[in-house]
Amino acid sequence: MAGKAADIIRNCKKATLLSLKKEEQLLSFREQARLSIHLLFCNACKQFVRQSALINKAMKGFVKQQDSDPSYQLSAASREKLQQQIDRLR
């Protein structure tokens, strides 16, 4: 068990993946525990989690603004042209 605990504490790559997964969906109890244990010992990953949450919050605000502002929307002709280009790629 000591080996597994040490792996959890030292593995920033796994912690990063878990923190990104957490932003999109619920983690299992085991995944949440692993991430929490890692974050107790790793300040770099704590900072990554904070920065990632801040970026996601900012992007969600931008998307809301973009959806409500007609100047960000493509014209019907532009959408049709893009769709034709996509269809040719298939």
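Visitor: Is C12 buried, partly exposed or exposed?
Guide: The model is predicted, so to speak of local features a pLDDT of at least 70 is needed, and side-chain atom pairs count only at pLDDT 80 or more, while totals for chains, interfaces and linings use all residues. Residues are numbered from 1 along each chain as its sequence is written, and side-chain values use heavy atoms, with hydrogens and water left out. Buried means under 20% relative accessible area, exposed over 50%, and partly exposed in between (1.4 Å probe, protein chains only). Because its relative accessibility is 32%, C12 counts as partly exposed.

Visitor: How many disulfides does the whole structure hold?
Guide: A disulfide is a pair of cysteine sulfur atoms within 2.5 Å. The closest cysteine sulfur to that of C12 is in C42, 3.7 Å away, which is too far for a bond. C45 is likewise in no disulfide, for the nearest cysteine sulfur, in C42, is 3.6 Å away. The search of the whole structure gives a count of zero.

Visitor: How many helices does the protein have?
Guide: Helices (H or I, at least four residues) and strands (E, at least two) are DSSP runs, numbered from the N terminus. The elements run α-α-α-α-α from that end. There are zero strands, and the helices number five.

Visitor: Which residues form the largest nonpolar core?
Guide: A nonpolar core is a set of buried Ala, Val, Leu, Ile, Met, Phe, Trp, Tyr and Cys residues joined through side-chain atoms within 4.5 Å. C45 counts as buried because its relative accessibility is 6%. The seven residues of the largest core are A15, L18, L27, L35, L39, C42 and C45.

Visitor: Which residues does S19 contact, leaving aside its neighbours within four places in sequence?
Guide: S19 is found in helix α2, and it counts as buried because its relative accessibility is 4%. Contact means heavy atoms within 4.5 Å. With neighbours within four places in sequence left aside, the contacts of S19 are L35, F48 and V49.

Visitor: Which residues does K22 touch, not counting those up to four places away in sequence?
Guide: K22 also has its place in helix α2, and at 43% relative accessibility it counts as partly exposed. Its C-alpha atom is separated by 9.9 Å from that of V49, 27 residues apart along the chain. Not counting residues up to four places away, K22 touches L27, Q32 and L35.

Visitor: Which side chains meet in a salt bridge?
Guide: A salt bridge is a side-chain nitrogen of Lys or Arg within 4 Å of a carboxyl oxygen of Asp or Glu, and by this rule the count is one. The pair links helix α2 to helix α3, across 10 residues of the chain. At 2.6 Å, N to O, the side chains that meet are those of K21 and E31.

Visitor: Which residues form a nonpolar patch on the surface?
Guide: Patches are made of residues with over 30% relative accessible area and no salt bridge, like charges being joined within 9 Å and nonpolar side chains (Val, Leu, Ile, Met, Phe, Trp, Tyr) within 5 Å. F62, in helix α4 (residues 43-68), counts as partly exposed at 34% relative accessibility. Accessible areas come from the Shrake-Rupley method with a 1.4 Å probe, and for residues only the protein chains shown count as cover. With about 350 Å² of accessible area together, the patch is formed by I55, M59, F62 and V63.
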